[in-house]
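User: I would like to learn how to read salt bridges and strand order in a protein model. Please take me through one case.

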Amino acid sequence: MQWLGPEIAARYESSHWPVLLSVCPDIDRMQDREHTLHSAGYVVASASTLFAAEQMCHLCSFDLVLLDRECVPDDEAADLLQRYPSVLLEPGVTELQLLSKLRAALQTQQATVAVH
């Protein structure tokens with residue numbers, strides 16, 4: 001994991017790749033997801049809590065949020081879900097399913113931007 005300070009945030013924002021925020025309360029699963037996404041060429045920042053994710057949103061602009069469904073009880077994530085295109089993930093999602101859902105979400109987002 002890397003601290004998302006101003007110099008790192010600037011590097012992410014200048015990147016031509018989509019910048020992803022992954023919110024996962026399970027550290028092992030979070031690290032596996034980071035590895036998968038980095039290996040696929042994505043720029044990713046990770047948070048283990050909604051509070052941390054919301055604070056990171058003040059430092060960096062994200063193209064998409066990958067959010068574990070277990071992080072969304074009682075509409076606690078409503079603000080985050082309203083501000084960013086999001087993909088809700090089940091705990092048992094495989095690497096292939098993750099990349100497939102991500103690709104579909106990014107294609108939908110690009111199509112929406114192209115229409116405007």
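The dialogue below goes through the sheet and then the salt bridges.

Analyst: This is a predicted model, where local features need pLDDT of at least 70 and side-chain atom pairs count only at pLDDT 80 or more, while totals for chains, interfaces and linings use all residues. Residues are numbered from 1 along each chain as its sequence is written, and side-chain values use heavy atoms, with hydrogens and water left out.

User: In what order do the strands of the sheet stand?

Analyst: Strands of a sheet pair through backbone hydrogen bonds, either parallel or antiparallel. Helices (H or I, at least four residues) and strands (E, at least two) are DSSP runs, numbered from the N terminus, and two strands pair if DSSP finds at least two bridges between them. Here 4 strands form an open sheet in the order 2-1-3-4, with parallel pairing. Strand 1 (residues 19-23) and strand 3 run parallel and are joined by 4 bridges. Within this sheet, Ser22 stands opposite Leu66 in strand 3.

User: Which strands stand at the edges?

Analyst: Strand 2 (43-47) and strand 4 do; each has a single partner strand, so one side of each has no neighbour in the sheet.

User: How many salt bridges are there in the whole structure?

Analyst: A salt bridge is a side-chain nitrogen of Lys or Arg within 4 Å of a carboxyl oxygen of Asp or Glu. A search of the whole structure finds 5. One of them joins the side chains of Asp68 and Arg29, at 2.7 Å from N to O. Asp68 is in strand 3 (residues 64-68) and Arg29 in helix 2 (residues 27-39), so this pair links distant parts of the chain, 39 residues apart.

User: Is Asp68 buried or exposed?

Analyst: Buried means under 20% relative accessible area, exposed over 50%, and partly exposed in between (1.4 Å probe, protein chains only). Asp68 has a relative accessible area of 0% and is buried.

User: What else does Arg29 form a salt bridge with?

Analyst: Arg29 also pairs with Glu70, with the closest N and O atoms 3.0 Å apart. Glu70 lies in the loop between strand 3 and helix 4 (78-83), so the pair ties together parts 41 residues apart in sequence. Glu70 is partly exposed, at 40% relative accessible area.

User: Which residues are joined into one network?

Analyst: Arg29, Arg33, Asp68 and Glu70 are joined by salt bridges that share partners.
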